[in-house]
Amino acid sequence: MIKIQTDHFDLDQICESGQCFRMKKLPEGTYEVIARNHYLRLWQQDGQTYFDCSQEEFGSFWEAYFDLNNDYGRYLESINPRDTYMLQAAHMAEGMRILKQDLWEMIVTFLISQQNNIKRIHHCIDLICEVYGEKCIAADGTVYYGFPEPEVLAGLAEDALMVCNLGYRSKYVVRTARAVVCGEINLDRIGTMPYRKAREELLKCYGVGEKVADCICLFSLHHLDAFPVDTHIRQALDAHYRRGFPNQRYKGFRGVMQQYIFYYEIHKK
DNA sequence: TATCAGGCCCTAG
DNA sequence: CTAGGGCCTGAT
């Protein structure tokens with residue numbers, strides 16, 4: 001068991017940010033996260049975060065996954081004091097972090113996310129893992145399912161994933177899986193590319209457009225300057241940044257600001 | 001019943 | 001290159 005104290009780290013906000021669909025809040029108030037072949041339970045109490053794993057597991061995986069060595073205070077402090085909208089958004093989402101998730105998982109996840117709602121995306125991911133992922137058992141006995149490998153999905157018929165409720169996105173996932181398996185798309189190489197180059201490469205995948213490519217860059221490759229523009233962000237930009245978003249001020253971490261705005265837009269009342 | 005949800009593809013002009 | 005129709009499915 002690991003216990004740490006970190007500023008700007010709120011599990012509930014991260015869980016509800018829509019960047020990760022394999023993190024769930026359990027009835028007891030603890031959180032469950034599945035990433036690659038790792039399973040974790042964690043919770044927060046009195047400003048402390050408790051990770052139910054070894055020091056080795058924490059240091060070699062989860063610390064980086066949650067971006068815990070990054071200081072998010074500097075992002076919050078960079079906000080223009082006169083930008084009341086951003087201040088308000090960041091205030092509501094001040095515990096946000098940009099996770100470092102698996103590239104393949106993010107490609108599939110955000111292919112599924114298009115023209116879709118969060119609840120259904122969760123359901124789709126659950127189904128695709130249960131049907132095509134590897135069944136695993138955590139140290140505490142919990143049964144969970146890994147994320148299906150490209151090889152598995154590449155062998156399916158293009159419409160096979162419609163049974164997992166993907167709808168017309170089924171063929172996007174299957175064709176992209178095939179492109180990965182045959183080497184047309186090289187995930188390892190994309191992982192070494194700078195933002196612009198990686199984005200360009202991801203756009204070659206059938207079903208990946210600019211918004212989806214930016215989500216993949218931000219949530220798996222940790223290119224913090226990626227700035228996915230979806231309908232919510234579009235509306236916020238139209239309403240509050242008619243003269244243009246201050247790209248220069250937030251250069252290098254525009255994606256963090258995007259997450260503050262997005263979280264605020266879907267949670268404000 | 002129509003519209004829309006964290007878009008993208010494809011075809012016309 | 002820009003505009004617009006079509007697309008699975010469930011919620012409102």
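Trainee: Which residues surround DNA strand C?

Mentor: This is a predicted model, where local features need pLDDT of at least 70, side-chain atom pairs count only at pLDDT 80 or more, and totals for chains, interfaces and linings use all residues. Residues are numbered from 1 along each chain as its sequence is written, with chains lettered from A and ligands numbered from 1 in the order written. Near means a C-beta atom, placed from the backbone, within 6 Å of the strand. Around DNA strand C you get Gln-115, Arg-120, Met-162, Asn-165, Gly-167 and Tyr-168.

Trainee: And which helix gives the most to the surface near DNA strand B?

Mentor: Helices are DSSP runs (H or I, at least four residues), numbered from the N terminus. Those giving two or more residues there are H5 (103-113), H11 (210-219) and H12 (231-240). The top contributor, with four residues, is H11.

Trainee: How do H5 and H8 run, roughly parallel or antiparallel?

Mentor: H8 covers residues 170-181, and its axis sits 9 Å from that of H5, at an angle of about 155°. Axes are lines fitted to C-alpha atoms over the stretch in contact, and angles run from 0 to 180 degrees between N-to-C directions. Angles over 145 degrees count as roughly antiparallel, so H5 and H8 are roughly antiparallel.

Trainee: Which residues of H8 make the contact with H5?

Mentor: Contact means C-beta atoms, placed from the backbone, within 7 Å. H5 brings Ile-107, Val-108 and Leu-111. On the H8 side, the residues are Tyr-172, Val-173 and Thr-176.

Key
Parallel < 35°, antiparallel > 145°, perpendicular 65-115°, else oblique. Contact = placed C-beta atoms within 7 Å.
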